[in-house]
Amino acid sequence: MAEGVVVIGHADRAGSEPYNWDLSLDRADAVRGALAAMGVPARLIAVRAAGETEPLVATADGVREPQNRRASITFN
């Protein structure tokens with residue numbers, strides 16, 4: 001059985017770096033809320049913001065890439 005869940009929020013490179021850190025944290029928090037609403041104990045859910053540092057698709061700065069706007073979920 002899983003001991004915990006880690007949710008990492010990500011952003012593309014369209015906004016400023018500080019904006020993308022905040023956006024990725026908001027994304028992770030939204031997923032945490034959805035998981036908690038489905039019955040996952042909130043105390044078992046950790047969140048982390050990755051901003052634009054871990055893209056699925058490499059792009060130049062300022063480029064919008066929908067695949068980089070995501071949250072990843074890992075079960076420990």
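Which residue is the bridge partner of V6 in β2? The partner is A46. The model described here is a predicted one.

**Strand β1 and its partners**

Strand β1 covers residues 5-10 and is mostly covered, with 5 of its 6 residues buried. Strand β2, residues 45-51, pairs with β1 in the parallel sense, over 6 bridges. The V6 and A46 pair belongs to this β1 and β2 pairing.

Strand β3, residues 71-75, also pairs with β1, but these two strands run antiparallel and are joined by 5 bridges. Here V5 has F75 of β3 as its bridge partner. In a regular strand the side chains alternate between the two faces of the sheet.

Helix α1 spans residues 17-37. Together with β1 and β2, helix α1 makes a right-handed β-α-β unit.

A34 lies in helix α1. A34 counts as partly exposed because its relative accessible area is 37%, a value between the cut-offs of 20% for buried and 50% for exposed. From A34 to P55 the C-alpha to C-alpha distance is 23 Å, and the two are 21 residues apart in sequence.

**Residue E65 in the loop**

The loop between β2 and β3 holds E65. E65 is buried, yet has no salt bridge. The nearest side chain of opposite charge is that of R69, 7.9 Å away, whereas a salt bridge requires the charged atoms to be within 4 Å.

Which residues does E65 contact, leaving aside its neighbours within four places in sequence? They are D12, V57 and T59.

Methods:
Residues numbered from 1 in each chain as written. Predicted model: local features only at pLDDT ≥ 70, side-chain atom pairs only at ≥ 80, totals over all residues. Heavy atoms only, no water. Buried < 20%, exposed > 50% of the residue type's maximum accessible area, 1.4 Å probe, protein only. Helix = DSSP H or I, 4+ residues; strand = E, 2+ residues; numbered from the N terminus. Pairing = 2+ DSSP bridges. Right-handed = clockwise from strand over helix to strand, strands pointing away. Lys, Arg positive; Asp, Glu negative; His and termini not counted. Contact = heavy atoms within 4.5 Å.
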